[in-house]
Amino acid sequence: MNLSIEKGKLISVLGKNGIGKSTLLRTLSKVQKPISGAIYFEGKDLKIYTENELSKKLSLVLTERLPESQLTVFELIALGRQPYTNWIDTLSATDIEKVNWAIEQTEISHLKDNRFYELSDGQLQRVLIARALAQDTAVIILDEPTAHLDMHQTINIFSLLKKLVAQTQKTIIISSHEINLALQLSSEIILLTENNLQFGSTAELISKDAFENLFPNNLLKFNKSLQQFVINKT
């Protein structure tokens, strides 16, 4: 695969189960080494970045369960400031300002004093996004952030991410199984299939018939006029 991602875009990574979406995101975030080739971030080979350097450039939101603790929402979001705090993790005025800004951006001011384990899945996902915002990186990568959410919360999270890209000019890369929603709201799509990778806007990929054979034709078909997958009733 060979692609270049620009600043200020909402990028969705799409494809069938097991195709390598999470592997790609883990590789882009240096959680695992590339099988081959190289990744460049702001013109610098990713492998040259130290952990601390990269943590000021890129933040990661995973689907794993958080360890048990008594942390409040504010305290959990404040963990995003760890790359900038001193050895005793004392928050400066700037750190507190960044945390409060992230809380405002994600519209969770009413939750900041709650314990994080008291939150619904949708609320917790907003908190984790706020933690990434507080980290103040140019790129935020999210692996299946809507995996455990209902339709209403899923739409809310996608809408929030689209708003954040527009307002902050950060680059947000998200893997998702919510293909129809991603097609509507993403700036560009990375589409993984067994044989290749295609990259471009929804309109560009539709013009290349990129979605025609993504799923077995007897189950789903792609409707070009609707720009959506629909159940094949024939």
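Met-1, Leu-3 and Ile-5 together make a nonpolar surface patch of about 280 Å². Such patches are made of residues with over 30% relative accessible area and no salt bridge; like charges are joined within 9 Å, and nonpolar side chains (Val, Leu, Ile, Met, Phe, Trp, Tyr) within 5 Å. Accessible areas come from the Shrake-Rupley method with a 1.4 Å probe, and for residues only the protein chains shown count as cover. The model is predicted: local features need pLDDT of at least 70, side-chain atom pairs count only at pLDDT 80 or more, and totals for chains, interfaces and linings use all residues. Residues are numbered from 1 along each chain as its sequence is written, and side-chain values use heavy atoms, with hydrogens and water left out.

Helices (H or I, at least four residues) and strands (E, at least two) are DSSP runs, numbered from the N terminus. Leu-3 counts as partly exposed because its relative accessibility is 31%. The classes are buried (under 20% relative accessible area), exposed (over 50%) and partly exposed (in between), with a 1.4 Å probe and protein chains only.

Ser-12 is placed in strand 1. Ser-12 has a relative accessible area of 0%, so this residue is buried. Its side chain makes a polar contact with the side chain of Ser-186, at 2.5 Å. A polar contact is a pair of N or O atoms within 3.5 Å; within protein, one must be able to donate a hydrogen and the other to accept it, and residues adjacent in sequence count only if both atoms are side-chain atoms. Not counting residues up to four places away in sequence, Ser-12 touches Phe-158, Ile-174, Ala-182, Ser-186, Glu-188, Ile-189 and Ile-190. Contact here means heavy atoms within 4.5 Å.

In helix 1 (residues 21-28), the buried residues are Lys-21, Leu-24, Leu-25, Thr-27 and Leu-28. Seen down the axis of helix 1, these buried residues fall within an arc of 160°, so they line one face of the helix. The arc is that of the directions from the helix axis to the C-beta atoms. The cover over the buried residues of helix 1 includes strand 1, strand 4 (58-61), strand 5 (139-143), strand 6 (171-175) and strand 7 (188-192). Lys-30, which follows helix 1, has a positive phi, near 65°.

**Salt bridges**

The structure holds 10 salt bridges. A salt bridge is a side-chain nitrogen of Lys or Arg within 4 Å of a carboxyl oxygen of Asp or Glu. Three of them are listed here.

| Pair | N to O distance |
|---|---|
| Lys-16 and Glu-194 | 3.0 Å |
| Lys-98 and Asp-136 | 3.0 Å |
| Lys-170 and Asp-136 | 3.2 Å |

The side chains of Lys-16 and Glu-194 meet in a salt bridge. This pair links distant parts of the chain, 178 residues apart: Lys-16 is in the loop between strand 1 and helix 1, and Glu-194 is in the loop between strand 7 and strand 8 (197-200). Lys-16 counts as partly exposed at 30% relative accessibility, while Glu-194 is exposed, with a relative accessible area of 55%.

Asp-136 forms a salt bridge with Lys-98. Asp-136 lies in the loop between helix 5 (121-134) and strand 5, and Lys-98 in helix 4 (residues 93-105), so the pair ties together parts that are 38 residues apart in sequence. Asp-136 is partly exposed at 28% relative accessible area, and Lys-98 is partly exposed at 26%.

Lys-170 also forms a salt bridge with Asp-136. This pair links parts of the chain 34 residues apart, with Lys-170 in the loop between helix 6 (151-168) and strand 6. Lys-170 is buried, with a relative accessible area of 9%. Salt bridges that share partners also join Glu-6, Lys-9 and Glu-188 into one network.

**Positive phi in two loops**

Gln-169 is found in the loop between helix 6 and strand 6. Phi of Gln-169 is near 60°, a positive value in a residue other than glycine. With a relative accessible area of 40%, Gln-169 is partly exposed.

Gln-227 lies in the loop between strand 9 (220-223) and strand 10 (228-231). Phi of Gln-227 is positive, near 55°, and the residue is not glycine. Gln-227 counts as partly exposed at 34% relative accessibility. Leaving aside neighbours within four places in sequence, Gln-227 is in contact with Leu-183, Thr-202, Ile-206 and Phe-222.
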